[in-house]
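This report sets out selected features of the structure shown below.

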Number of protein chains: 2
Amino acid sequence: MFEKYFSQRIKNTPSSFIREILKVTQNPEIISFAGGLPNPVSFPQDELKISMNRIADKFGSKIYQYSTTLGLDSLREYIAERYKKIWNMDISIENIIITTGSQQALDLIGKVFVDENDNVMVEKPSYLGLLQAFCMYRANFVQTKLNDDGLDIDDLKNTLKTYKPKLAYLIPNFQNPTGLTYTPENRKKVFEAIKDEDMILVQDDPYGELRFEEGARIPYIGLNETEKNLYLGSFSKIVTPGMRLGYIIGNKEIIKMLETAKQASDLHSNIFGQYLISDYLHNNDLDRHIEKIKKLYKAQANAMVSAMEEYFPKTVKFTHPKGGMFTWVTLEEGKDVLQLFDKAIAQKVAFVPGHPFYVKPDKVNTLRLNYTNADTDTIKIGIKRLANALEEI
Amino acid sequence: MFEKYFSQRIKNTPSSFIREILKVTQNPEIISFAGGLPNPVSFPQDELKISMNRIADKFGSKIYQYSTTLGLDSLREYIAERYKKIWNMDISIENIIITTGSQQALDLIGKVFVDENDNVMVEKPSYLGLLQAFCMYRANFVQTKLNDDGLDIDDLKNTLKTYKPKLAYLIPNFQNPTGLTYTPENRKKVFEAIKDEDMILVQDDPYGELRFEEGARIPYIGLNETEKNLYLGSFSKIVTPGMRLGYIIGNKEIIKMLETAKQASDLHSNIFGQYLISDYLHNNDLDRHIEKIKKLYKAQANAMVSAMEEYFPKTVKFTHPKGGMFTWVTLEEGKDVLQLFDKAIAQKVAFVPGHPFYVKPDKVNTLRLNYTNADTDTIKIGIKRLANALEEI
């Protein structure tokens, strides 16, 4: 009825695959590895309750009033200090804008950089939230192959030469959907290949803090070597996603443009939530809290990988995540993951078929599994059910 | 340095006038009528503190977890019930999407409806937040003259005939920036003029509840007579703006499209804030709370109008708002409001010159004054200062 009024961008947006899947998984009998939810036991509820009462007493009406577009100073100071300490970044709060979750960071970056038909490079497969966000600005996506050690360097060079992308979007740590992490060597090669290109590099890092296998943090691509980098972070996976608080770190000139875009988008992010998270961070040991989450997720990831090793046919490959929230499964060449999905639902287990992570999904034989939102026993039962489904295709 | 990377839309966005003005008003000696802040004494702080502790105890981790894009059911139910009761609307929660403040409602409507160069009709003058939001989608604005009783019907008919706008954006109650309200007769004429047009009508209504002069609520244009209407509402002016909670009411098919756009924009609005406001609304008498705000603002508006009547030269005209937050001042033809602004700052009083409310600001002799965020004594002093500045131009 309203077709003629709708914009081209919204008419060209594929209806959300995942939303349809989540409807199926409403059935409580189904074990769902489809979502990307943090385990709710990881939320610091007691500490947050203390913080909310403290900010109500301390700041009065300020926690309810309109506020600034860039975000609360004390929260941006915490972020600046943390990145200075960990990465030796030369930044101040002027290099930081608070966003309404990382999803808004993607929307704002689209608003500020992407004109219709601009080439944007993403991983293959890539995060579906980015594809949705940039779809709104009618980007032309080019996908570069992702290997076990990071971007495929030959494919990357070819992409750069052929498409001269204006912007690249990468998730170097525990990528969504694959769980893969770029090695230090791969990051160096990627930076070598892109450093002289006219290209903004966005590194999205919601999972970087969740490294649960041994090994130090790996520096970002081109860290402290270029002004053309934007770094995205989020409190969703390490404190709480419901507050919708993420941030972008970058050159001040770019942050100013993002501020203009944010003003047009929602004026500012919920200020109560900013006071709450800032108070929590300034009065608790975030690293100690993260250690608890890592321990939890490590056990869950191990349970999933062990169960897959035990029950899956040997023709099925999967990644061994060292952090983050997902593993990525690849079926034998020629198998159809949608057929598997139907069989899996019949077995009462759900996952996300690979389709929404590709720009041009064709014959897809991949799927994403999330392990953070189920206990180890449930994970084992779910993987058994999935193994049964695998035998039927 | 980054100029070449920026999108056309962001390069064409005028740098925010108001942001520059607000910098000037940081000086505590300046009395500012420039902002649009609710009076913080109107925030129900005690009740909100009770509600936040109650939801923490009652809902546990749910108030911190990811949630649905359309928004919390109980909050949407409250809104549906209120609009059914007041306006006899035939709606359910499926007709409602929660937005991150009304500003996001504007952004989402832009995303869903506006292609580059689409004609969008707005009032002259119009709300600058809408102009900023739709600027991102490169709308072609056409402004229709606003009179004391509402839209100028001849100008409206001419606009419709000449530009065939795809969408119109109006603020029928206590408009921002003018404080004007469309009369019932004017609304009927407007609907008569537009009802057969291929046009979506957006009625933004953040101030409608704040009618402090006698008189009943005036029904929306085309209320319950068309499916092409969208109604915007907000909790910013009647509970708290810091939570960033607004909503759109409309046909289900349109709400579905807005949901897709919102998913790409920020996934969902802060869920803690939604639980908090929902709990507050379900456990307190909103109408009684609104009565208190209206009494407060009525005194402040009267103080401003009385002071203007007493001190301003008779050549200066101004609106007599019956609700809302603003009055609109028109200088003698040929006077330059920017010259007045400089003199006013020297007198230590600030306002918003009319420029950002026009699509093509030329010789502007209008300005907006806000009266909600200063007590009556301060308002009187500020208006005296402004009268002094008026004598100097």
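## Basis of the description

Helices (H or I, at least four residues) and strands (E, at least two) are taken as DSSP runs and numbered from the N terminus. On this basis B:Phe17 belongs to helix α2 (residues 17–24) of chain B. The model is a predicted one.

B:Phe17 has 16 C-beta neighbours inside 10 Å and therefore counts as partly exposed, since that class lies between the limits of 12 or fewer for exposed and 20 or more for buried. Leaving aside residues up to four places away in sequence, B:Phe17 touches B:His355 and B:Pro356. B:Phe235 lies 218 residues from B:Phe17 in sequence, and the C-alpha to C-alpha separation of the two is 26 Å.

## Backbone features in loops

The bond from B:Lys124 to B:Pro125 is cis, with omega near 0 degrees; B:Pro125 is located in the loop between β3 (119–124) and α6 (128–135) of chain B. The bond from B:Asn176 to B:Pro177 is also cis, with omega near 20 degrees. B:Pro177 is found in the loop between β6 (167–170) and α8 (184–194) of chain B.

Positive phi values are the next topic. A:Arg138, although not a glycine, has a positive phi of about 55 degrees. A:Arg138 is partly exposed because 17 other C-beta atoms lie within 10 Å. In chain B, the non-glycine residue B:Lys348 has a positive phi near 70 degrees, and its place is in the loop between α12 (337–346) and β12 (349–350) of chain B. B:Lys348 has 17 C-beta neighbours inside 10 Å and so counts as partly exposed.

## The sheet of chain A

In chain A, 8 strands make up an open sheet with mixed pairing, in the order β2-β9-β8-β7-β6-β3-β4-β5. β2 (96–100) and β5 (150–151) of chain A are the edge strands, each pairing on one side only. Within the sheet, strand β3 (residues 119–124) of chain A runs parallel to β4(A) and is joined to β4(A) by 6 bridges. A:Met121 stands opposite A:Val142 in β4(A).

Which strands does helix α4 (residues 73–87) of chain A lie across? They are β2 and β9 (245–249) of chain A, and α4 runs at about 120 degrees to β2(A). Helix α7 (residues 153–163) of chain A lies across β3, β4 and β5 of chain A, at about 165 degrees to β4(A).

## Helix packing

Two packed helices are described by the angle between their axes and the distance between the axes. In chain A, helix α11 (residues 286–311) and helix α13 (residues 376–391) pack with their axes 9 Å apart at an angle of about 30 degrees. The two helices α11(A) and α13(A) are therefore roughly parallel to each other, the limit for that term being under 35 degrees. The crossing of α11(A) past α13(A) is right-handed. Residues of α11(A), including A:Ala299, A:Ala303 and A:Tyr311, meet residues of α13(A), among them A:Thr376, A:Ile383 and A:Ala387.

In chain B, the axes of helix α7 (residues 153–163) and α8(B) come within 10 Å and cross at roughly 20 degrees. That angle makes α7(B) roughly parallel to α8(B). α7(B) passes α8(B) in a right-handed crossing. On the side of α7(B), B:Ile153, B:Leu156, B:Lys157 and B:Leu160 take part, and they meet B:Lys189, B:Val190, B:Ala193 and B:Ile194 in α8(B).

## Relation and contact of the two chains

The same surface serves both copies, as 100% of the contact residues of chain B recur in chain A.

The contact takes 61 residues from chain B and 61 residues from chain A. On the side of chain B that touches chain A, α1 (8–11), α3 (45–59), α5 (101–113), α6, α9 (252–266) and α10 (271–283) of chain B each supply at least two residues. The most is given by α9(B), with 9 residues.

Conventions:
Residues are numbered from 1 along each chain as its sequence is written. Chains are lettered from A and ligands numbered from 1 in the order in which they are written. This is a predicted model: local features need pLDDT of at least 70, side-chain atom pairs count only at pLDDT 80 or more; totals for chains, interfaces and linings use all residues. Two residues are in contact if their C-beta atoms, placed from the backbone, lie within 7 Å. Two strands pair if DSSP finds at least two bridges between them. Axes are lines fitted to C-alpha atoms, for helices over the stretch in contact, and angles run from 0 to 180 degrees between N-to-C directions. Angles under 35 degrees count as roughly parallel, over 145 as roughly antiparallel, 65 to 115 as roughly perpendicular and the rest as oblique. A crossing is left-handed if the near helix is turned anticlockwise from the far one by less than a right angle, and right-handed if clockwise.
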